[in-house]
Each structure stands twice: as C-alpha cells, then as structure tokens.
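I will write down what I look up, one topic at a time.

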Amino acid sequence: MPSPDAVSLRPPRHQVSRTAIRYWRVRALIGWLGVVAALLAWLVLDDENHGLQAAALGAAVLVGLAHLIVMPQWRYHVHRWEVAPQAVYTRAGWLHQESRIAPISRIQTVDSERGPLEQLFGLADVTVTTASAAGPLTIEGLDRATAERLVDELTTAAQATRGDAT
C-alpha cells in the first residue's frame, strides 16, 4: 500500500505559453528554409535530373508546410507541466511523447535558459536536474515571468524539502 506522500505519474495541469506555437513554427521554418535552399542550389548547380530535383523540391515544400501547420499546434496540446507539493510533472513531445515526474526531494539544480530566438518571443525553458539516469526534466515554451517564478518556487521547495537529492 503506497504511503500518502507517494507520488504517481498523472497528467500535468498547466499548458505552456501560447506564444510557444509561433516560436516552434518559426524554429521549424528556419530548418525547412535550409532544406529548400539546399534543394534550390542543387537545381541551379546541376544541369541534369531536373525532374528529380523538382520532385524533391515539391515534396520538401509540401512536407514542410504540413509540418509547420500541424507540429506547433500538436506540441502545444501535448506539452504540459505542474509543480505539486511532492513532485514536478512534465509531458512533452509530439510524435514521440514523454511523461516524467521528479520528486522535489530529488532535485539537485533548477536552471532557466533563453536562446536568442526564445528571447525574441519572450519565452524561456526551465530545466530540473535530478540524479535520474533518464536525465533532466525540461519545460519548454514558458513565458519569461512564469519561468522566473517557477525557478524561484522550485529552488525554495527543494531547499525546504528533506532528502538527499540523489
């Protein structure tokens, strides 16, 4: 019989910022522009195989557009997080989805990160590191103020919780 303090895997309550949808779309667009640029260079520099080159370019544009439309919305509906008194819960991904839980007593560090593109969108990621072999939990796509509050809340909770963080 589990103790009343036991934590269990369950769906987290909070969604990430809606701005993350635009951020993920722009980040994906940058990648697809690189693919299209490479295919255009192949088309311009190689005088043979124009049919194959056009087909590859068309396929890349269609797949890229589908990715830019579907992926950000899907990720937004999947990505969730929550801090409960005993644990941090996360769910992330879109095709490959992962749910994670980290007991507060096992938290070693809490970090916030904002790359240049995230700064442009006013977003930040929060990473919670434990001694888990599965690696840290990362909550992507939080608005900056929420990320700062979350770092403070988790740091305070980890310091106040008895445990060895290992």
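This is a predicted model: local features need pLDDT of at least 70, side-chain atom pairs count only at pLDDT 80 or more; totals for chains, interfaces and linings use all residues.

Entry 1: I started with strand β3, residues 87–93. With that cut-off, 5 of its 7 residues are buried, so I call the strand mostly covered. I then checked the whole protein, where buried residues make up 35% of the 166 residues.

**Entry 2: the partners of β3.** Which strands pair with β3? On one count, strand β2 (residues 80–83) is joined to β3 by 4 bridges, and the two run antiparallel. They form a hairpin, with 3 residues between them. Strand β4 (residues 97–103) also pairs with β3 in the antiparallel sense, over 7 bridges. A hairpin through 3 residues links β3 to β4.

**Entry 3: residues face to face.** E82 stands opposite Y89. I101 in β4 also stands opposite Y89. Next I took V88, and I found A102 in β4 opposite V88. I noted a general rule here: side chains in a regular strand alternate between the two faces of the sheet.

**Entry 4: the sheet.** What is the order of the strands in the open sheet? I read it as β1-β2-β3-β4, 4 strands with antiparallel pairing. The edge strands are β1 (14–15) and β4, and each pairs on one side only.

**Entry 5: the whole chain.** I counted 4 helices and 7 strands in the protein. From the N terminus on, the elements run β-α-α-β-β-β-β-α-β-β-α. Is the protein compact or spread out, next to the globule rule? The radius of gyration is 21 Å, well over the 15 Å that the rule gives for 166 residues, so the protein is more spread out than a compact globule. I also took the span of the C-alpha trace along its principal axes: about 70 × 35 × 25 Å.

**Entry 6: contacts.** I looked at contacts between residues at least 6 apart in sequence. Of these, 56% join residues at least 24 apart.

**Entry 7: surface and charge.** The protein exposes about 9800 Å². Carbon and sulfur atoms supply 59% of that area. Last, I looked up the charges, 15 positive and 16 negative. Their mean positions are 9 Å apart.

Key:
Residues are numbered from 1 along each chain as its sequence is written. Side-chain values use heavy atoms; hydrogens and water are left out. The radius of gyration is taken over C-alpha atoms; the globule rule is 2.2 Å times the number of residues to the power 0.38. Buried means under 20% relative accessible area, exposed over 50%, partly exposed in between (1.4 Å probe, protein chains only). Contact means heavy atoms within 4.5 Å. Accessible areas come from the Shrake-Rupley method with a 1.4 Å probe; for residues, only the protein chains shown count as cover. Lys and Arg count as positive and Asp and Glu as negative; His and the chain ends are not counted. The place of a charge is taken as NZ of Lys, CZ of Arg, CG of Asp or CD of Glu. Two strands pair if DSSP finds at least two bridges between them.
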